[in-house]
Amino acid sequence: MTRINGLRRGLAAAVTTAATLATMLTSAPAASADQNRCPAGSFCVFKDPLYGGEMKIISSSQPTLGTWNNAISSYFNRSDKWAVLYLAADYSGQELLLVGPHQVGDGNLGPGSSSGADNAISSIRMGGTQWEVETGQAWIDWDTGATPRPAGLPAQSRFGDLDDDGTADLLERDGAGRLWFLDGVRDAGGNTKGALIGGGWNAMNALVRHGDHDGDGYEDMYARDRDGVLWLYPGNGKGWFKPRLKIGGGWNSMKEIEPVGDITGDGHNDLVARDTTGVLWTYPGNGRGWFGARSRLGGGWGAMNALAAPGDMNRDGRSDLVARDGSRALWLYPGNGRGAFGARVRLPYAWPSDTPLIATGDVTGDGLGDIMRTIENSSLYVYANDGVGGLVAPVYETGYDITSPYFHVF
Ligand SMILES: [Ca+2]
Ligand SMILES: [Ca+2]
Ligand SMILES: [Ca+2]
Ligand SMILES: [Ca+2]
């Protein structure tokens, strides 16, 4: 029996035979062999080849298949989920088939198929991302090497660390609305396993953070809900959050909100927000989690489509701001420590318009805040702060999910 060893190979095999199968299907007349019996939005398995015989909808992961064990001869994925079909129970073994969302190609395992999986499937794992169905993990596998930042850093360099262990951390909201904490540190088993904070975070249309806002020394998070209410989620110093506090309503008039560190020079971390008319506003932190009266920082910011707050880029002790314009150029706006910015400087490297700017503090362990991005939705790269207002060449940091557009990493 020829079997498929390895996930990527499985997908490639399915893609290359798709055209052949389509030709076969157009000449397959029997109604019982119509793959469109499978309802739109569903993942279906069939007991006969070419989508014939008894059909069953699989809507969640199945560690065993009961009467369907070793009985599946074709499948059709009309859902937006990924699936992995295993030849052993409990998602075990190396022999499997990877099925992408809305995969209309080769779902036939019977005669004419080279899969070797006919009447051999014993478990099925479903999930929102390829990473999740491949590994059973819903989070990004983030491994920084865990280089801690130096002790005794100035305030504007101490951000990004949610569990107070000296290393920058990531938060990730997956496509299902679950929020994960990733500290980037290997556990005793050598895994960089994320911790689930909770679900329901798709109710938020902004999730942002940069340091401590309520004065307890632990990094906090702000979230804006669909009604435009801004909430403070005070960090507990362990990677998750204490009960939230309502900051106020009306924040949906802002295209982007960005906690930016202390830019006013009073020792309290502040927030900037860009409204729909392109005006950038400063919301001065009061050190207790909310803000004093806002002030107008300037107009013309509608030309920018992303903001990031990497801390102090040029090592003058003042927090700075980075923005990307419509031509993919990245600009450093050096803070003057009095609530305004000096002349902007163009940073190296073009930044694709569909790629977020991720600034969660010092990832490289030199005490300077860095910037990260995904590349081709398959890798996370670190653009390290060079300490004089620039960035050094990117370094590959970790494996990343190919469906990352569904993720929000911050
Ligand atoms: Ca940490
Ligand atoms: Ca705090
Ligand atoms: Ca301030
Ligand atoms: Ca600075």
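The predicted model of the protein has an average pLDDT of 87, and 89% of the residues score at least 70, pLDDT being the predictor's confidence in each residue on a scale from 0 to 100. Over residues 1-32 the pLDDT stays under 50, and for this stretch the model has 41 contacts beyond four places in sequence, a contact being counted when the C-beta atoms of two residues, placed from the backbone, lie within 7 Å. Because the model is predicted, local features need a pLDDT of at least 70 and side-chain atom pairs count only at pLDDT 80 or more, whereas totals for chains, interfaces and linings use all residues. Residues are numbered from 1 along each chain as its sequence is written, while chains are lettered from A and ligands numbered from 1 in the order in which they are written.

The secondary structure comes to 3 helices and 25 strands, where helices (H or I, at least four residues) and strands (E, at least two) are DSSP runs numbered from the N terminus. Of the 410 residues of the protein, 45% count as buried; a residue is called buried if 20 or more other C-beta atoms lie within 10 Å of its own, exposed if 12 or fewer do, and partly exposed in between, with C-beta atoms placed from the backbone. Among the contacts with a separation of 6 or more, 49% are accounted for by residues 24 or more positions apart.

One open sheet is formed by 3 strands in the order β2-β1-β3, with antiparallel pairing, two strands being taken to pair if DSSP finds at least two bridges between them. Its edge strands, each pairing on one side only, are β2 (52-57) and β3 (74-77). Neighbouring strands of this sheet are turned by 25° against each other on average, direction ignored; the axes are lines fitted to C-alpha atoms, for helices over the stretch in contact, and angles run from 0 to 180 degrees between N-to-C directions. Strand β1 (residues 43-48) is joined to β2 by 4 bridges and runs antiparallel to it, with F46 standing opposite M55 in β2. The pairing of β1 with β3 is also antiparallel and extends over 4 bridges, and here F43 stands opposite N77 in β3.

Within strand β1 lies V45, which is buried because 27 other C-beta atoms lie within 10 Å. When residues up to four places away in sequence are left out, V45 touches K56, I58, W68, I72 and Y75. V45 and N108, which are 63 residues apart in sequence, are separated in space by 10.0 Å from C-alpha to C-alpha.

A further open sheet is made of 4 strands in the order β14-β15-β16-β17, again with antiparallel pairing. Here β14 (254-261) and β17 (295-298) are the edge strands, each pairing on one side only, and neighbouring strands are turned against each other by 30° on average, direction ignored. Strand β16 (residues 280-283) runs antiparallel to β17 and is joined to it by 3 bridges, and W281 stands opposite R296 in β17.

The largest nonpolar core holds 57 residues, of which I257, L321, V322 and I371 touch the most other members; a nonpolar core is a set of buried Ala, Val, Leu, Ile, Met, Phe, Trp, Tyr and Cys residues joined through C-beta atoms within 7 Å. Strand β18 gives the most to this core, with 4 residues. Not counting residues up to four places away in sequence, I257 touches A206, V208, Y222, R224, W251, L271 and A273. A second, separate core of 31 residues includes C38, M55, F76 and V99.

N119 has a positive phi of about 50° although it is not a glycine, and its place is in the loop between β5 (96-99) and β6 (123-127). N119 is partly exposed, as 13 other C-beta atoms lie within 10 Å. R315, likewise not a glycine, has a positive phi near 60° and lies in the loop between β18 (304-311) and β19 (320-325). R315 counts as partly exposed, with 16 C-beta neighbours inside 10 Å.
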